[in-house]
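User: I am new to this structure. Please show it to me, and then I will ask what stands behind the terms.

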Amino acid sequence: MDTMSRRQDGTTGRLKRRQLKRKGETQEEDYASRAEYWSTGPSVTSRVTSRLVIGRASGHMGGRAANHKPRRHPRRHRRSWKADSKEGRFPVSTRARQRPFEGRAKYACAGAVAEDQKRTSCNEDGRRRSGPEMPIRPDQQRDRPWALPEGQTASWDTAKEDENRNKNRYGNIISYDHSRVRLQLIDGDPHSDYINANYVDGYHRPRHYIATQGPMQETVKDFWRMIWQENSVSVVMVTNLVEVGRVKCVRYWPDDTEVYGDIKVSLIETEPLAEYVIRTFTVQKKGSHDIREIRQFHFTSWPDHGVPCYATGLLGFVRQVKFLNPPDAGPITVHCSAGAGRTGCFIAIDIMLDMAENEGVVDIFNCVRELRAQRVNMVQTEEQYVFVHDAILEACLCGNTAIPVCEFRSVYYNISRIDPQTNCSQIKDEFQTLNIVTPRARPEDCSIGLLPRNHDKNRALDVLPLDRCLPFLISLDGETSNYINATLMDGMYHQKH
(Lines give C-alpha, C1' and ligand atoms only; values in the text may rest on other atoms or scores of the structure.)
Protein backbone atom coordinates (compact mmCIF):
# COMPACT_ATOMS: atom_id res chain seq x y z
CA MET A 1 0.00 0.00 0.00
CA ASP A 2 1.48 3.39 -0.96
CA THR A 3 1.91 6.37 1.35
CA MET A 4 -1.15 8.22 0.07
CA SER A 5 -3.39 5.24 0.76
CA ARG A 6 -2.02 4.99 4.26
CA ARG A 7 -2.69 8.67 4.83
CA GLN A 8 -6.27 8.19 3.72
CA ASP A 9 -6.60 5.33 6.20
CA GLY A 10 -5.50 7.63 9.03
CA THR A 11 -2.27 5.71 9.78
CA THR A 12 0.23 8.40 8.78
CA GLY A 13 1.49 9.00 12.32
CA ARG A 14 2.24 5.33 12.99
CA LEU A 15 3.83 4.90 9.55
CA LYS A 16 6.18 7.82 10.11
CA ARG A 17 7.27 6.44 13.47
CA ARG A 18 8.01 3.06 11.90
CA GLN A 19 10.03 4.78 9.17
CA LEU A 20 11.99 6.68 11.79
CA LYS A 21 12.85 3.43 13.54
CA ARG A 22 13.93 1.80 10.26
CA LYS A 23 16.20 4.75 9.48
CA GLY A 24 17.67 4.55 12.96
CA GLU A 25 16.65 8.04 13.96
CA THR A 26 17.09 8.56 17.70
CA GLN A 27 14.52 10.04 20.05
CA GLU A 28 16.59 13.22 20.35
CA GLU A 29 16.63 13.65 16.55
CA ASP A 30 12.90 12.97 16.42
CA TYR A 31 12.31 15.60 19.09
CA ALA A 32 14.55 18.09 17.29
CA SER A 33 12.46 17.70 14.16
CA ARG A 34 9.31 18.27 16.22
CA ALA A 35 10.84 21.36 17.80
CA GLU A 36 11.68 22.72 14.36
CA TYR A 37 8.10 22.18 13.27
CA TRP A 38 6.69 23.98 16.30
CA SER A 39 9.01 26.94 15.81
CA THR A 40 8.54 27.32 12.05
CA GLY A 41 5.13 25.80 11.32
CA PRO A 42 1.68 27.35 11.49
CA SER A 43 0.34 29.02 14.62
CA VAL A 44 -0.37 26.97 17.74
CA THR A 45 -4.10 27.69 17.49
CA SER A 46 -4.36 26.11 14.06
CA ARG A 47 -2.17 23.13 14.90
CA VAL A 48 -3.46 21.46 18.02
CA THR A 49 -6.79 19.73 17.83
CA SER A 50 -7.33 16.40 19.37
CA ARG A 51 -4.93 14.83 21.89
CA LEU A 52 -1.93 15.77 24.00
CA VAL A 53 0.09 13.28 26.02
CA ILE A 54 2.87 14.09 28.45
CA GLY A 55 6.02 12.08 27.80
CA ARG A 56 7.14 10.31 24.66
CA ALA A 57 4.11 8.15 24.00
CA SER A 58 4.94 4.86 22.40
CA GLY A 59 1.36 4.28 21.33
CA HIS A 60 -1.33 6.36 19.67
CA MET A 61 -0.23 9.96 19.08
CA GLY A 62 -2.06 11.14 15.98
CA GLY A 63 -5.64 11.23 14.72
CA ARG A 64 -7.94 8.23 14.94
CA ALA A 65 -8.41 5.89 12.03
CA ALA A 66 -11.68 6.29 10.18
CA ASN A 67 -12.70 2.70 10.89
CA HIS A 68 -11.59 2.72 14.52
CA LYS A 69 -14.27 1.82 17.07
CA PRO A 70 -14.12 2.97 20.70
CA ARG A 71 -13.49 0.39 23.35
CA ARG A 72 -16.17 0.11 26.00
CA HIS A 73 -15.34 -0.12 29.66
CA PRO A 74 -16.60 -3.52 30.88
CA ARG A 75 -18.66 -1.99 33.68
CA ARG A 76 -20.02 1.02 31.87
CA HIS A 77 -22.44 1.42 28.98
CA ARG A 78 -20.60 4.52 27.75
CA ARG A 79 -16.92 5.22 27.96
CA SER A 80 -15.48 7.44 30.68
CA TRP A 81 -12.35 9.51 30.32
CA LYS A 82 -11.40 8.44 33.83
CA ALA A 83 -11.73 4.78 32.90
CA ASP A 84 -9.69 5.28 29.71
CA SER A 85 -6.81 6.77 31.63
CA LYS A 86 -6.83 3.85 34.07
CA GLU A 87 -6.91 1.34 31.23
CA GLY A 88 -3.68 2.85 29.90
CA ARG A 89 -4.90 3.95 26.49
CA PHE A 90 -2.25 6.66 26.48
CA PRO A 91 1.09 5.10 27.55
CA VAL A 92 3.78 7.30 29.06
CA SER A 93 7.48 6.67 29.36
CA THR A 94 8.92 5.60 32.72
CA ARG A 95 10.82 8.84 32.99
CA ALA A 96 7.68 10.89 32.50
CA ARG A 97 5.86 8.83 35.15
CA GLN A 98 8.65 9.55 37.60
CA ARG A 99 8.64 13.26 36.79
CA PRO A 100 5.06 14.14 35.87
CA PHE A 101 4.14 17.64 34.73
CA GLU A 102 7.59 19.21 35.03
CA GLY A 103 6.94 21.33 31.99
CA ARG A 104 10.00 20.43 29.93
CA ALA A 105 9.53 20.27 26.19
CA LYS A 106 11.30 16.92 25.92
CA TYR A 107 8.65 15.35 28.18
CA ALA A 108 5.73 16.49 26.04
CA CYS A 109 4.41 15.77 22.59
CA ALA A 110 1.39 17.07 20.76
CA GLY A 111 -1.44 15.28 19.01
CA ALA A 112 -2.56 15.56 15.46
CA VAL A 113 -2.50 18.69 13.31
CA ALA A 114 -5.64 20.06 11.69
CA GLU A 115 -6.37 22.58 8.96
CA ASP A 116 -8.51 25.60 9.85
CA GLN A 117 -11.93 24.96 8.36
CA LYS A 118 -14.94 27.24 8.10
CA ARG A 119 -18.19 25.71 9.23
CA THR A 120 -21.38 26.82 10.90
CA SER A 121 -21.38 27.20 14.68
CA CYS A 122 -23.53 28.52 17.48
CA ASN A 123 -23.03 31.59 19.62
CA GLU A 124 -23.64 31.43 23.36
CA ASP A 125 -27.08 32.90 22.76
CA GLY A 126 -27.93 30.01 20.45
CA ARG A 127 -27.86 31.92 17.15
CA ARG A 128 -26.05 30.42 14.18
CA ARG A 129 -22.95 32.15 12.86
CA SER A 130 -20.11 31.50 10.45
CA GLY A 131 -17.13 30.00 12.21
CA PRO A 132 -15.43 26.74 13.20
CA GLU A 133 -17.27 23.47 12.90
CA MET A 134 -19.50 22.49 15.79
CA PRO A 135 -19.71 18.88 17.03
CA ILE A 136 -22.47 16.86 15.41
CA ARG A 137 -25.97 16.26 16.72
CA PRO A 138 -26.83 13.15 18.73
CA ASP A 139 -28.83 11.73 15.78
CA GLN A 140 -25.62 11.76 13.72
CA GLN A 141 -23.56 10.10 16.44
CA ARG A 142 -23.94 6.60 14.97
CA ASP A 143 -21.93 7.48 11.85
CA ARG A 144 -19.19 9.28 13.79
CA PRO A 145 -18.68 7.54 17.16
CA TRP A 146 -15.80 9.84 18.14
CA ALA A 147 -17.78 13.09 17.69
CA LEU A 148 -18.88 15.11 20.68
CA PRO A 149 -22.65 15.22 21.26
CA GLU A 150 -24.23 18.58 20.56
CA GLY A 151 -27.40 19.96 22.06
CA GLN A 152 -29.75 18.29 24.50
CA THR A 153 -28.76 14.79 25.62
CA ALA A 154 -30.92 14.45 28.76
CA SER A 155 -34.31 15.61 30.04
CA TRP A 156 -34.78 19.19 31.25
CA ASP A 157 -38.50 19.19 32.01
CA THR A 158 -38.22 21.35 35.13
CA ALA A 159 -36.35 24.10 33.29
CA LYS A 160 -39.05 24.13 30.59
CA GLU A 161 -41.93 24.69 33.01
CA ASP A 162 -43.74 27.98 32.45
CA GLU A 163 -42.95 29.19 35.95
CA ASN A 164 -39.20 28.76 35.31
CA ARG A 165 -38.85 30.09 31.76
CA ASN A 166 -38.09 33.64 32.89
CA LYS A 167 -35.20 32.28 35.00
CA ASN A 168 -33.28 31.17 31.88
CA ARG A 169 -31.18 33.65 29.95
CA TYR A 170 -31.20 31.49 26.81
CA GLY A 171 -33.86 28.96 25.93
CA ASN A 172 -31.39 26.33 24.68
CA ILE A 173 -28.84 26.50 27.54
CA ILE A 174 -30.79 25.26 30.54
CA SER A 175 -30.40 22.75 33.36
CA TYR A 176 -30.68 18.99 32.97
CA ASP A 177 -32.99 17.40 35.53
CA HIS A 178 -30.54 14.76 36.75
CA SER A 179 -27.70 17.17 37.64
CA ARG A 180 -29.46 20.46 38.38
CA VAL A 181 -28.91 22.30 41.64
CA ARG A 182 -32.08 22.17 43.74
CA LEU A 183 -32.60 25.15 46.03
CA GLN A 184 -34.43 24.87 49.30
CA LEU A 185 -38.12 25.70 48.90
CA ILE A 186 -39.42 29.10 49.99
CA ASP A 187 -42.77 29.02 51.83
CA GLY A 188 -43.57 25.66 50.26
CA ASP A 189 -43.51 27.05 46.69
CA PRO A 190 -42.67 23.99 44.51
CA HIS A 191 -41.14 26.20 41.79
CA SER A 192 -38.78 28.09 44.11
CA ASP A 193 -36.17 25.30 43.96
CA TYR A 194 -35.12 26.00 40.35
CA ILE A 195 -31.99 27.83 39.23
CA ASN A 196 -30.22 27.45 35.90
CA ALA A 197 -27.23 25.61 37.35
CA ASN A 198 -25.78 22.09 37.24
CA TYR A 199 -23.37 20.13 39.37
CA VAL A 200 -20.23 19.10 37.48
CA ASP A 201 -17.74 16.46 38.59
CA GLY A 202 -14.07 17.36 38.96
CA TYR A 203 -11.02 15.14 38.83
CA HIS A 204 -11.99 12.34 41.24
CA ARG A 205 -14.19 14.89 43.04
CA PRO A 206 -17.94 14.48 42.55
CA ARG A 207 -19.82 17.77 42.30
CA HIS A 208 -16.63 19.79 42.54
CA TYR A 209 -18.08 22.59 40.39
CA ILE A 210 -21.38 24.32 39.79
CA ALA A 211 -21.77 25.52 36.20
CA THR A 212 -24.37 28.24 35.94
CA GLN A 213 -25.47 31.14 33.76
CA GLY A 214 -24.59 34.73 34.57
CA PRO A 215 -27.20 36.07 37.00
CA MET A 216 -30.12 38.06 35.60
CA GLN A 217 -32.07 40.72 37.45
CA GLU A 218 -34.72 38.12 38.27
CA THR A 219 -32.23 35.53 39.57
CA VAL A 220 -29.70 37.50 41.66
CA LYS A 221 -31.40 36.52 44.92
CA ASP A 222 -31.50 32.86 43.84
CA PHE A 223 -27.81 33.04 42.95
CA TRP A 224 -26.82 34.14 46.47
CA ARG A 225 -29.21 31.55 47.96
CA MET A 226 -27.31 28.91 46.02
CA ILE A 227 -23.90 30.25 47.13
CA TRP A 228 -24.95 30.07 50.77
CA GLN A 229 -26.75 26.71 50.53
CA GLU A 230 -23.85 24.96 48.75
CA ASN A 231 -21.15 26.57 50.92
CA SER A 232 -19.39 27.81 47.81
CA VAL A 233 -16.55 30.16 48.78
CA SER A 234 -15.08 30.69 45.28
CA VAL A 235 -17.07 32.26 42.45
CA VAL A 236 -15.42 32.29 39.01
CA MET A 237 -16.74 34.83 36.49
CA VAL A 238 -15.52 34.43 32.90
CA THR A 239 -17.40 37.25 31.20
CA ASN A 240 -17.71 41.00 31.33
CA LEU A 241 -20.97 42.66 32.25
CA VAL A 242 -21.42 44.12 28.74
CA GLU A 243 -19.82 42.84 25.54
CA VAL A 244 -20.43 44.25 22.05
CA GLY A 245 -23.15 46.44 23.50
CA ARG A 246 -25.12 43.51 24.91
CA VAL A 247 -25.68 42.74 28.60
CA LYS A 248 -24.02 39.41 29.35
CA CYS A 249 -24.49 39.42 33.11
CA VAL A 250 -25.96 41.82 35.65
CA ARG A 251 -23.83 43.19 38.44
CA TYR A 252 -24.76 40.88 41.28
CA TRP A 253 -22.33 42.22 43.90
CA PRO A 254 -22.40 45.50 45.86
CA ASP A 255 -19.99 48.42 45.99
CA ASP A 256 -20.36 48.42 49.77
CA THR A 257 -23.15 46.41 51.42
CA GLU A 258 -26.43 45.15 50.03
CA VAL A 259 -29.10 42.62 50.99
CA TYR A 260 -30.28 40.09 48.39
CA GLY A 261 -33.38 38.41 49.79
CA ASP A 262 -32.24 37.19 53.19
CA ILE A 263 -28.51 37.21 52.28
CA LYS A 264 -26.38 40.19 53.31
CA VAL A 265 -23.30 40.73 51.14
CA SER A 266 -20.51 43.20 51.98
CA LEU A 267 -17.51 44.03 49.80
CA ILE A 268 -14.36 44.19 51.91
CA GLU A 269 -11.50 44.14 49.37
CA THR A 270 -10.86 44.52 45.63
CA GLU A 271 -7.54 43.45 44.11
CA PRO A 272 -7.32 44.50 40.44
CA LEU A 273 -4.74 42.80 38.24
CA ALA A 274 -4.00 43.15 34.54
CA GLU A 275 -6.14 40.23 33.40
CA TYR A 276 -8.46 39.55 36.31
CA VAL A 277 -9.89 41.02 39.50
CA ILE A 278 -10.24 39.33 42.89
CA ARG A 279 -13.06 40.64 45.08
CA THR A 280 -13.53 39.49 48.65
CA PHE A 281 -16.94 39.56 50.33
CA THR A 282 -18.42 38.68 53.68
CA VAL A 283 -21.79 36.93 53.45
CA GLN A 284 -24.32 36.39 56.23
CA LYS A 285 -27.80 34.89 56.15
CA LYS A 286 -30.63 36.44 58.11
CA GLY A 287 -31.09 34.64 61.40
CA SER A 288 -27.65 33.01 61.24
CA HIS A 289 -24.56 33.97 63.27
CA ASP A 290 -22.29 32.38 60.66
CA ILE A 291 -20.28 34.92 58.63
CA ARG A 292 -18.50 33.51 55.59
CA GLU A 293 -15.76 34.94 53.41
CA ILE A 294 -16.27 34.50 49.68
CA ARG A 295 -13.92 35.38 46.85
CA GLN A 296 -15.00 36.27 43.36
CA PHE A 297 -12.39 35.68 40.63
CA HIS A 298 -13.38 37.84 37.66
CA PHE A 299 -11.42 37.13 34.45
CA THR A 300 -11.70 40.35 32.44
CA SER A 301 -9.43 39.57 29.46
CA TRP A 302 -11.61 37.20 27.47
CA PRO A 303 -12.20 39.04 24.16
CA ASP A 304 -15.68 39.94 22.93
CA HIS A 305 -15.21 37.58 19.97
CA GLY A 306 -13.42 34.25 19.86
CA VAL A 307 -10.89 33.18 22.47
CA PRO A 308 -7.80 34.77 24.05
CA CYS A 309 -4.78 35.00 21.76
CA TYR A 310 -2.65 33.27 24.38
CA ALA A 311 -3.54 30.89 27.19
CA THR A 312 -0.90 32.22 29.61
CA GLY A 313 -3.23 34.61 31.41
CA LEU A 314 -6.05 32.09 31.83
CA LEU A 315 -3.64 29.43 33.08
CA GLY A 316 -2.41 31.78 35.78
CA PHE A 317 -6.02 32.58 36.61
CA VAL A 318 -6.94 28.88 36.95
CA ARG A 319 -3.94 28.26 39.19
CA GLN A 320 -4.83 31.23 41.39
CA VAL A 321 -8.37 29.94 41.88
CA LYS A 322 -7.02 26.49 42.70
CA PHE A 323 -4.50 27.90 45.18
CA LEU A 324 -6.94 30.14 47.08
CA ASN A 325 -9.91 27.73 47.17
CA PRO A 326 -9.96 25.93 50.57
CA PRO A 327 -9.83 22.12 50.29
CA ASP A 328 -12.84 21.66 52.57
CA ALA A 329 -15.08 24.20 50.82
CA GLY A 330 -18.16 23.49 48.76
CA PRO A 331 -18.29 23.48 44.95
CA ILE A 332 -16.53 26.16 42.92
CA THR A 333 -19.26 28.18 41.21
CA VAL A 334 -18.33 29.01 37.60
CA HIS A 335 -20.33 31.19 35.24
CA CYS A 336 -19.99 33.16 32.03
CA SER A 337 -23.11 34.44 30.27
CA ALA A 338 -24.83 31.22 29.23
CA GLY A 339 -22.77 29.00 31.53
CA ALA A 340 -21.61 26.69 28.75
CA GLY A 341 -18.77 27.88 26.50
CA ARG A 342 -16.23 29.76 28.58
CA THR A 343 -17.46 28.02 31.74
CA GLY A 344 -16.70 24.67 30.11
CA CYS A 345 -13.25 25.88 29.04
CA PHE A 346 -12.33 26.87 32.60
CA ILE A 347 -13.56 23.60 34.10
CA ALA A 348 -11.96 21.42 31.40
CA ILE A 349 -8.58 23.13 31.81
CA ASP A 350 -8.73 22.78 35.60
CA ILE A 351 -9.61 19.08 35.38
CA MET A 352 -6.91 18.36 32.81
CA LEU A 353 -4.24 20.12 34.87
CA ASP A 354 -5.12 17.86 37.80
CA MET A 355 -5.12 14.77 35.58
CA ALA A 356 -1.79 15.69 33.99
CA GLU A 357 -0.14 16.22 37.35
CA ASN A 358 -1.48 13.02 38.92
CA GLU A 359 -1.39 10.57 36.00
CA GLY A 360 0.98 12.06 33.45
CA VAL A 361 -1.68 11.90 30.73
CA VAL A 362 -4.57 14.05 29.54
CA ASP A 363 -7.77 13.11 27.72
CA ILE A 364 -9.52 16.30 26.68
CA PHE A 365 -12.01 14.62 24.35
CA ASN A 366 -13.55 12.37 26.98
CA CYS A 367 -13.33 15.10 29.61
CA VAL A 368 -15.48 17.42 27.47
CA ARG A 369 -17.84 14.56 26.68
CA GLU A 370 -18.35 13.94 30.40
CA LEU A 371 -18.94 17.67 30.95
CA ARG A 372 -21.61 17.70 28.24
CA ALA A 373 -23.36 14.79 29.93
CA GLN A 374 -23.84 17.03 32.97
CA ARG A 375 -24.64 20.37 31.30
CA VAL A 376 -25.56 21.11 27.71
CA ASN A 377 -22.90 22.23 25.21
CA MET A 378 -20.02 22.67 27.62
CA VAL A 379 -17.04 23.99 25.60
CA GLN A 380 -19.42 25.29 23.00
CA THR A 381 -17.40 25.90 19.80
CA GLU A 382 -14.52 24.20 18.07
CA GLU A 383 -12.47 27.35 18.58
CA GLN A 384 -12.92 26.96 22.33
CA TYR A 385 -12.14 23.24 22.10
CA VAL A 386 -8.86 24.00 20.31
CA PHE A 387 -8.10 26.71 22.87
CA VAL A 388 -8.36 24.16 25.68
CA HIS A 389 -5.74 22.08 23.86
CA ASP A 390 -3.55 25.17 23.44
CA ALA A 391 -3.78 25.89 27.16
CA ILE A 392 -2.92 22.33 28.20
CA LEU A 393 -0.09 22.19 25.66
CA GLU A 394 1.41 25.38 27.09
CA ALA A 395 0.98 24.09 30.63
CA CYS A 396 2.71 20.81 29.80
CA LEU A 397 5.56 22.40 27.88
CA CYS A 398 6.23 25.28 30.26
CA GLY A 399 4.86 24.10 33.59
CA ASN A 400 4.27 26.48 36.48
CA THR A 401 7.36 28.69 36.46
CA ALA A 402 6.37 30.93 39.38
CA ILE A 403 9.12 31.07 42.02
CA PRO A 404 8.65 32.39 45.59
CA VAL A 405 10.89 35.38 46.24
CA CYS A 406 12.51 33.70 49.24
CA GLU A 407 13.56 30.75 47.05
CA PHE A 408 14.61 32.64 43.93
CA ARG A 409 18.34 32.70 44.71
CA SER A 410 18.66 28.95 45.22
CA VAL A 411 16.35 28.12 42.31
CA TYR A 412 18.26 30.41 39.96
CA TYR A 413 21.54 28.79 41.02
CA ASN A 414 20.18 25.30 40.34
CA ILE A 415 18.68 26.05 36.91
CA SER A 416 21.87 27.85 35.82
CA ARG A 417 24.18 24.91 36.54
CA ILE A 418 25.56 23.28 33.38
CA ASP A 419 25.26 19.52 33.06
CA PRO A 420 28.76 18.29 32.13
CA GLN A 421 27.34 15.41 30.08
CA THR A 422 24.99 17.48 27.91
CA ASN A 423 26.72 20.86 28.24
CA CYS A 424 23.27 22.37 28.78
CA SER A 425 21.47 24.01 31.66
CA GLN A 426 17.85 24.08 32.71
CA ILE A 427 17.60 27.80 32.06
CA LYS A 428 18.81 27.23 28.51
CA ASP A 429 16.17 24.55 28.06
CA GLU A 430 13.53 26.98 29.30
CA PHE A 431 14.61 29.59 26.77
CA GLN A 432 14.44 27.04 23.95
CA THR A 433 10.96 26.07 25.14
CA LEU A 434 9.93 29.73 24.95
CA ASN A 435 11.05 29.83 21.33
CA ILE A 436 9.06 26.68 20.60
CA VAL A 437 5.77 27.78 22.12
CA THR A 438 5.88 31.38 20.87
CA PRO A 439 3.82 31.58 17.66
CA ARG A 440 5.40 33.42 14.74
CA ALA A 441 3.68 36.62 13.66
CA ARG A 442 1.96 36.45 10.29
CA PRO A 443 2.09 39.33 7.77
CA GLU A 444 -1.60 40.05 8.31
CA ASP A 445 -0.92 40.49 12.04
CA CYS A 446 1.51 43.34 11.26
CA SER A 447 -0.26 44.87 8.28
CA ILE A 448 0.07 48.49 9.46
CA GLY A 449 3.83 48.25 9.93
CA LEU A 450 4.14 46.69 6.47
CA LEU A 451 2.38 49.56 4.69
CA PRO A 452 4.73 51.21 2.15
CA ARG A 453 4.41 54.60 3.83
CA ASN A 454 5.68 53.10 7.10
CA HIS A 455 8.69 51.18 5.76
CA ASP A 456 11.15 53.96 6.59
CA LYS A 457 9.96 53.95 10.22
CA ASN A 458 11.08 50.34 10.79
CA ARG A 459 14.69 49.56 11.61
CA ALA A 460 14.16 45.91 10.60
CA LEU A 461 11.18 44.35 8.82
CA ASP A 462 11.44 41.20 10.91
CA VAL A 463 10.72 43.13 14.13
CA LEU A 464 7.28 44.71 13.69
CA PRO A 465 4.56 45.53 16.22
CA LEU A 466 1.29 43.61 16.07
CA ASP A 467 -1.67 45.67 14.90
CA ARG A 468 -3.69 44.86 18.04
CA CYS A 469 -0.93 46.22 20.31
CA LEU A 470 -0.05 49.42 18.43
CA PRO A 471 -0.07 52.84 20.10
CA PHE A 472 -1.37 55.48 17.68
CA LEU A 473 0.28 58.89 17.64
CA ILE A 474 -1.54 62.18 17.40
CA SER A 475 -1.02 63.41 13.84
CA LEU A 476 0.99 66.61 13.51
CA ASP A 477 0.79 69.23 10.75
CA GLY A 478 1.87 67.67 7.48
CA GLU A 479 2.21 64.19 9.00
CA THR A 480 0.09 61.61 7.18
CA SER A 481 0.92 58.57 9.32
CA ASN A 482 0.32 58.05 13.03
CA TYR A 483 2.47 54.88 13.06
CA ILE A 484 5.44 54.17 15.29
CA ASN A 485 7.29 50.90 15.74
CA ALA A 486 6.26 50.37 19.35
CA THR A 487 4.02 48.01 21.32
CA LEU A 488 1.70 48.49 24.27
CA MET A 489 2.47 45.90 26.97
CA ASP A 490 0.50 44.71 30.00
CA GLY A 491 1.86 45.44 33.45
CA MET A 492 1.21 43.55 36.67
CA TYR A 493 -1.90 45.52 37.58
CA HIS A 494 -2.95 47.28 34.38
CA GLN A 495 -3.45 46.30 30.75
CA LYS A 496 -1.36 48.13 28.14
CA HIS A 497 0.46 49.84 30.96
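Analyst: Two strands pair if DSSP finds at least two bridges between them. Strands (E, at least two residues) and helices (H or I, at least four) are DSSP runs, numbered from the N terminus. This is a predicted model: local features need pLDDT of at least 70, side-chain atom pairs count only at pLDDT 80 or more, and totals for chains, interfaces and linings use all residues. Residues are numbered from 1 along each chain as its sequence is written, and side-chain values use heavy atoms, leaving out hydrogens and water.

User: What makes β5 and β6 a pair?

Analyst: Two bridges join β5 to β6 (residues 194-202), in the antiparallel sense. The definition asks for at least two. In β6, Asn198 is the bridge partner of Arg180.

User: Why is one side of β5 and of β11 left without a neighbour in the sheet?

Analyst: The open sheet has nine strands, in the order β5-β6-β7-β15-β8-β14-β13-β12-β11, with mixed pairing. β5 (180-182) and β11 (257-260) stand at its edges, so each has a single partner strand.

User: What makes a set of residues a nonpolar core?

Analyst: Its members are buried Ala, Val, Leu, Ile, Met, Phe, Trp, Tyr and Cys residues, joined through side-chain atoms within 4.5 Å. Buried means under 20% relative accessible area (1.4 Å probe, protein chains only). The largest such core here has 49 residues, and Phe317 is among those with the most contacts inside it. α10 (341-359) is one of the contributing elements. It gives the most, with 10 residues.

User: Which residues does Phe317 touch, leaving aside neighbours within four places in sequence?

Analyst: Contact means heavy atoms within 4.5 Å. Phe317 is in contact with Val236, Tyr276, Phe297, His298, Phe299 and Phe346.

Methods. Buried < 20%, exposed > 50% of the residue type's maximum accessible area, 1.4 Å probe, protein only.
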